[in-house]
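User: I am new to protein structures and would like to learn how to read one step by step. Could we go through a single example together?

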Amino acid sequence: MSDHHGYSEKDVQREVAELQAKSATAARIFDLRRIIGGLFVLYGVIVTIAGINPSDATLDKAEGVNINLWTGLGMLLLGIFFLVWLKLRPTPPATPVPPEGEQRAE
């Protein structure tokens, strides 16, 4: 009954292990820290560039504060924080589950 449809138990376990490895890779690629950090860095650069040479009208609107520059720098710092956090504490790889009957070498 274990060879139902031409698949043995080992084939199924090997396929499950491969899918778990692919899932762990996808989790690392789509880690929210990477997405949030990248977007904050991108938008931070854009807003910082907009705040480098503000017009007088923009400064008058913000009561003399160069809000684009300060917001852009804050966004840059937050984005860099997320990316550094991702680098220092990466998503741990999934540990493969050994098939039944086999023991892990430690």
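Analyst: Let us begin with an idea that will be needed several times: a residue counts as buried under 20% relative accessible area, as exposed over 50%, and as partly exposed in between. Please keep in mind that this is a predicted model.

User: Is Y43 buried, exposed or partly exposed?

Analyst: Y43 has a relative accessibility of 43%, so it counts as partly exposed.

User: Which class does T48 fall into, and which residues does T48 touch?

Analyst: T48 also has its place in helix α2, but its relative accessibility is 11%, and therefore T48 counts as buried. Leaving aside residues up to four places away in sequence, T48 touches N68, L69, G72, L73 and L76.

User: How should I describe two helices that pack together?

Analyst: Two packed helices are described by the angle between their axes and the distance between the axes. Here, the axes of α2 and helix α4, which spans residues 67–88, come within 7 Å and cross at roughly 155 degrees. Because angles over 145 degrees count as roughly antiparallel, α2 is roughly antiparallel to α4. The crossing in which α2 passes α4 is left-handed.

User: How many salt bridges are there, and which side chains meet in a salt bridge?

Analyst: The count comes to 1 salt bridge, in which the side chains of D31 and R33 meet, with 2.7 Å from N to O.

User: What does the chain look like when I step back and read its secondary structure along the sequence?

Analyst: The chain has 4 helices and 0 strands, and along the sequence they follow the pattern α-α-α-α. Of its 106 residues, 13% count as buried, while the accessible surface comes to about 8,600 Å², with 64% of that surface belonging to carbon and sulfur atoms.

User: What share of the contacts with a separation of 6 or more comes from residues 24 or more positions apart?

Analyst: Among the contacts in the chain with a separation of 6 or more, residues 24 or more positions apart account for 74%.

Technical notes: Residues numbered from 1 in each chain as written. Predicted model: local features only at pLDDT ≥ 70, side-chain atom pairs only at ≥ 80, totals over all residues. Heavy atoms only, no water. Helix = DSSP H or I, 4+ residues; strand = E, 2+ residues; numbered from the N terminus. Buried < 20%, exposed > 50% of the residue type's maximum accessible area, 1.4 Å probe, protein only. Contact = heavy atoms within 4.5 Å. Areas by Shrake-Rupley, 256 points an atom, 1.4 Å probe, with all protein chains shown as cover. Salt bridge = Lys/Arg side-chain N within 4 Å of Asp/Glu carboxyl O. Axes fitted to C-alpha atoms, helices over the stretch in contact; angles between N-to-C directions. Parallel < 35°, antiparallel > 145°, perpendicular 65-115°, else oblique. Left-handed = near helix turned anticlockwise from the far one by under 90°.
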